[in-house]
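I opened a new model today and kept notes as I went. The entries run from the whole chain down to single residues.

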Amino acid sequence: MTGSILFEAIVFLAGAIICVSIAKRLGLSSVIGYLLAGVLIGPYVLGFIGEEGQDILHFAEFGVVVMLFLIGLEIEPKNFWNMRKTIVGMGGIQVGGTMLLSYILFAALGFDWKVALVISMAVALSSTAIALQTIKEKGLMNTTFGTSSFSILLFQDIIVIFMLGFIPLLVDSEHKTSTENHSEHANLLENLPVGLQTLAIILSVVLIIVAGRYLIVPMLRKVAKTGVRELLIAAALLIVFGISFLMEYVGISPALGAFLGGVVLSNSEFKHELESTLEPFKNLLLGLFFMAVGASINFIVIAKSPLTIGGILLAIIVLKAVVLFITGHIFKLKLDQKLLLTFSLAQIGEFAFVLLSFAFGLNILEQEQMDMMLVITALSMSITPIISMINERLILPKIGTKESIKRPMDHIAKSQKIILVGFGHFGSTIGRFLRSHGVEATILDHDSNRVDFLRKMGFEVYYGDATRLDLLESAGIAEAKIIICATNKLSVSKAISKIVKEKYPHVEFMIRTKNRYDAYELLNLGHQNIYRESLETSLTLAKDVLSKMGFRKYTLTRQVQNFIKYDEDSLRRLASEPKREDDYIFKAKKELEQQEKFLNEDFKRGVVDYDNHWDSEHIRKALENPNTKK
């Protein structure tokens, strides 16, 4: 409107704040808010953003690159290797099946076979940005649905490399000279023989792996020693930019290269520092990406042939949904997981923009075909959050959840005095320990595949969303004494406590938290039984270290108990304090000094010198010589 970059920044930020706030207030995904903001500020509604919208879209795609780098940081190389069958199996079936059906559809519509083939490649790709953002936002990354979606999306990111390499082979010889001017898509390898291209790609991957260990980590160590926070931020961005540029230069997907770089650095000591540094950039860039997608929807093209575009859009979503559902069925996903997979990945993804633009530059696609497919791609991405919401609110409660929960209903009716919500690694440890002492709990989990697996292991685990009061009532909440929230999602624990407190205030809560800040929030809501998942484990390790240094085990155990007591007291005092950074740091520092002082006084009180328990000398001698008289 004014041509000022500052004005455009204001428009984007204001649009995001207003629309995303409204979407969250209505209980919708933030992605819907960003897309709506893009539509409103775009050239076809309010007109704040004009032709430069496409340039913004290319820049915003870097958000997808940063997201895949952070996902790579969370996956250790061994786990990535263990997923190879799922990645190739599920991804291969989905891409192959979608391409086949799409090709038949567009060939039947009268498109040339080359055009139909290119479009089928684009249609086979789903949106990594929308799918993974929604999955992570809802805390479903560790479910069967989450890992299946990630496997398919990762395979798509890999296969797009080969698609970009294959498309130039479709160009007629008389048109090849006209493609030389399209330097936008040129890369280092395009004029090399296929064998050398393959070798260069392999060498690039090896270079990333070697650089991760012998160049990037040493560089980060030197940067960390300076103690300058902004240098570490610059280093993190440099890593992602550098890896992405290298991958793009040799013709590989920058997003895939960033993911590989993340995997390489997942075992480094800077893993968590890189995550916390890049997370804000990822969220901002992804938001910008979704807004750019919304702004790119060309309503003029839609107005010219609304029925054709609407019909093709519907056909694509249906055929992708069919392939995804069949893929989930082949890999034995339960109905609710299959439905989540089907509705989450049925759109066309951001890499379709790259493929279609590349094919248009090579004169394979005509302008009209290009415009139509870009609109269909943007529309499919825009309506995905709405379709997913319909699935979760209208279909799953009647089909997915009902089918999964009907089996254990008779067993739930007998109920126990304890209800355990969440049976992952943390919750299963609690359940096993309780069961070993003859105490049974009614166990609920939201992943139906995990439920079936645990049932085979001999656990009575029931599928369901524990934030639903009807499910808790069927599990015996009215007669229960204790409910244990072992889920790793704070929002779930808060939702359960809210609905239970209103109707069943007699039930006592025991809640798992990840850190002090989650604990503060729960304490301020009136909960007293808060369990930080890393507290006792870290103290056990510290106790074992001091034991190996020669300290007495009994003394150390007493000191661990004292540390927990002092830390819990401090936690409750700090919970009510304002969280302004300066005030909090001052008070927290005073609390730490006080704790260390108390522990040091306990240690000097004579416990060490007069400790005749557990590992004292006479007990050691007695154990060494069983015949010693007592």
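My notes on this structure follow, grouped by topic.

**Ground rules**

I am working from a predicted model, in which local features need pLDDT of at least 70, side-chain atom pairs count only at pLDDT 80 or more, and totals for chains, interfaces and linings use all residues. Residues are numbered from 1 along each chain as its sequence is written, and side-chain values use heavy atoms, with hydrogens and water left out.

**Whole protein**

I looked up the secondary structure first. The protein has 29 helices and six strands. Helices (H or I, at least four residues) and strands (E, at least two) are DSSP runs, numbered from the N terminus.

Next I checked burial. Of the 630 residues, 48% are buried. Buried means under 20% relative accessible area, exposed means over 50%, and partly exposed lies in between, with a 1.4 Å probe and protein chains only.

I then took the surface.

Among contacts with a separation of 6 or more, 76% are between residues 24 or more positions apart. Contact means heavy atoms within 4.5 Å.

**Helix H1**

I tested the length of H1 (residues 5–25). Its 21 residues should span 30 Å at 1.5 Å a residue, and the end C-alpha atoms are 30 Å apart, which agrees. The expected span is 1.5 Å times one less than the number of residues.

Which residues of H1 are buried? I listed Glu8, Val11, Phe12, Gly15, Ala16, Cys19, Val20 and Ala23. Seen down the axis of H1, these buried residues fall within an arc of 125°, so they line one face of the helix. The arc is that of the directions from the helix axis to the C-beta atoms. I noted the general rule beside it: an α-helix has 3.6 residues a turn, so residues three or four places apart point the same way.

The other side of H1 carries the exposed residues Leu6, Ile10, Leu13, Ile17, Ile18 and Arg25.

I also looked at Ala14, which lies in H1. Ala14 is partly exposed at 34% relative accessibility. Its C-alpha atom is 8.9 Å from that of Ala37, 23 residues apart along the chain.

**Helix H7**

Is H7 enclosed or open? I found 11 of its 12 residues buried, so H7 is largely enclosed by the rest of the structure. The buried ones include Lys114, Val115, Ser120 and Ala124. From first C-alpha to last, H7 reaches 16 Å, close to the 16 Å expected at 1.5 Å a residue.

I picked out Ser120, which sits in H7 (residues 113–124). Its relative accessible area is 0%, so Ser120 is buried. Beyond neighbours within four places in sequence, Ser120 is in contact with Met99, Ser102 and Tyr103.

**Strands S1 and S2**

I turned to the pairing of S1 (residues 418–421) with S2. Three bridges join these strands, which run parallel. Two strands pair if DSSP finds at least two bridges between them. Val421 stands opposite Leu444 in S2.

S2 (residues 442–445) is covered on both faces. Thr442 and Leu444 are buried on one side, Ile443 and Asp445 on the other.

**Salt bridge**

How many salt bridges does a search of the whole structure find? I got one. A salt bridge is a side-chain nitrogen of Lys or Arg within 4 Å of a carboxyl oxygen of Asp or Glu. The side chains are those of Lys494 and Glu521, at 2.4 Å, N to O. The pair links distant parts of the chain: Lys494 is in H24 (residues 490–503) and Glu521 is in H25 (residues 516–524), 27 residues apart. Lys494 is partly exposed at 29%, and Glu521 is partly exposed at 34%.

**Single residues**

I checked Thr377 in H18 (residues 367–395). At 0% relative accessibility, Thr377 is buried. Leaving aside neighbours within four places in sequence, Thr377 is in contact with Ile348, Gly349, Ala352, Phe353 and Leu356.

I flagged Lys332, which has a positive phi of about 60° although it is not a glycine. Lys332 is in the loop between H15 (306–330) and H16 (335–344). At 66% relative accessibility, Lys332 counts as exposed.
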